[in-house]
Amino acid sequence: MEGMTATPASPSPAKRVLLAAPRGYCAGVDRAVIAVEKALEQYGAPIYVRHEIVHNKYVVQTLERKGAIFVEETAEVPEGSIVMFSAHGVAPTVHAEAAERKLATIDATCPLVTKVHKEAVRFAKEDYDILLIGHEGHEEVIGTSGEAPEHITLVDGPDDVENVSVRDDSKVVWLSQTTLSVDETMETVDRLKEKFPQLVSPPSDDICYATQNRQIAVKQMGADADLVIVVGSKNSSNSVRLVEVALGAGARDAHLVDFAEEIDESWLEGVATVGVTSGASVPDVLVEGVLEWLSQRGFQDVELVKAAEESITFSLPKELRRDLRAEAAALADRG
Ligand code: 10D
Ligand code: SF4
C-alpha cells in the first residue's frame, strides 16, 4: 500500500543443540548390562534377572530378546536356575530366599551402592539411628533399608524431616540413595541438622560421581536452553532428577523421553537452543536418535557442554568367573 514501509522481519535466532557431557552410561550400568550379556553367552538362555537390570526400557527389551527373563520376585525363578540381581542392589533377605530356592546367583549391584549398604551395616552395628534420604518404594532404598531395618528411617525429601524421630539425638547419621538431586539432598540435610545438631555425615558422598556429573552438566546448559530433552525412562530416578535440575537451572522447558519418537513437535515452538542429555542407564544410541530427529528439524549445529571427564570402570561380578550352571545343578541335586 502507498506510504507504508514494510519492517524487515528480524532474523530468527540460529538453531543449535547443547549436548551434555558426561551423559548416559555410568560404570555401574555398563558393568551390569555386560554382566547379563556375558551370563547369556557363558551359560545360555534363560538367565533370570530380578528386577530391571537398570531402569531403561530399551535396555530391558534388548536383553529380553537375547534371552534374559525379568522377574520382580525370586519366587518366580524356577529352582536350579541362575538369577542375577539388578544394579540397584537387594536386601540380605533376597540373598537368603535365593539360597533357599537353590538358585545360583550373580550379584550385579553397583559397587557404589554396595558401599552404602556397608555404611548402613557399620553404623547399625555401632547402634546409630540411620536416616536414609531417598525415594520411598525405589528398589535401591528397599535394598539398603533391608541391611538394618530396625536402625533405618527413610527421609523422603526436605518436607519429610518434620516426621522424623530418633531414639538418641547424639547418635544419628544420614546416608542417601545414590541417584538423588544433590541440591535437594543438601536441603534435606540442612533441615535434619537444624533438628539434630549432632547429626553425623557419611564418610564419603553417597550420591555417586555419575549422578553428580550429569547434574553439573545439565546445570551448565540449563540457563541457555529454551528446551532440555532428557533421554531416560520414567522409573529412572537419576534421569527424572535431570529434568528437575534443568528446570531449576533456568531451562524454559524440559521433558523426559525414552525415544526420539516421543518428542512432541509443539515443544519446539519458539525454541532456538535445545539442551540434550541422558540418564546413567541410557545407551547413547538413543541420544543419537534424538540428535537425528532434531537435525531433521534444522538443529544441525551441536555444541558439547563438558562438565567432567569420567574414567571409572568396575570389574565384572566375580560369579561370572565360576561355572554357575554346574553349581545350580549340584544345588538342585542336593534336594
Ligand atoms: O532409578 P535409578 O536412577 O536409581 O536407576 P537407573 O537404573 O536408571 O540408573 C542406574 C542407577 C543405579 C543402578 C542405582 F545406583
Ligand atoms: Fe553406580 Fe552411580 Fe551408576 Fe548407580 S548411577 S549404577 S551408583 S555409578
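Pro46 lies in the loop between helix 1 and strand 2 (47–50); helices (H or I, at least four residues) and strands (E, at least two) are DSSP runs, numbered from the N terminus. The peptide bond from Ala45 to Pro46 is cis, with omega near 0°. A cis peptide bond also joins Ala21 and Pro22, where omega is about 0°. Pro22 is placed in the loop between strand 1 (16–21) and helix 1 (27–43).

The model is predicted: local features need pLDDT of at least 70, side-chain atom pairs count only at pLDDT 80 or more, and totals for chains, interfaces and linings use all residues. Residues are numbered from 1 along each chain as its sequence is written, chains are lettered from A and ligands numbered from 1 in the order in which they are written, and side-chain values use heavy atoms, with hydrogens and water left out.

The protein chain has 10 helices and 12 strands. Its C-alpha trace spans about 100 × 55 × 30 Å along the principal axes. Of its 335 residues, 51% count as buried (under 20% relative accessible area; exposed is over 50%, partly exposed in between; 1.4 Å probe, protein chains only).

Most residues other than glycine have a negative phi, and most peptide bonds are trans. His51 has a positive phi of about 75°. His51 is found in the loop between strand 2 and helix 2 (57–66) and counts as buried at 10% relative accessibility. Asp127 has a positive phi of about 65°. Its loop runs between helix 4 (111–125) and strand 6 (129–133). Asp127 is partly exposed, with a relative accessible area of 40%.

Strand 9 (residues 227–231) is mostly covered, with five of its five residues buried. Leu227, Ile229 and Val231 lie on one side, Val228 and Val230 on the other. Strand 9 pairs with strand 11 (residues 273–278) in the parallel sense over five bridges; pairing requires that DSSP finds at least two bridges between two strands. Gly275 in strand 11 is the bridge partner of Val228. Strand 9 also pairs in the parallel sense with strand 10 (residues 254–257), over four bridges. Val231 stands opposite Val257 in strand 10.

Ligand 2 is surrounded by Cys26, Gly28, Cys110, Leu112, Thr178, Thr179, Cys208 and Tyr209 (a residue is near a molecule if one of its heavy atoms lies within 4 Å of it).
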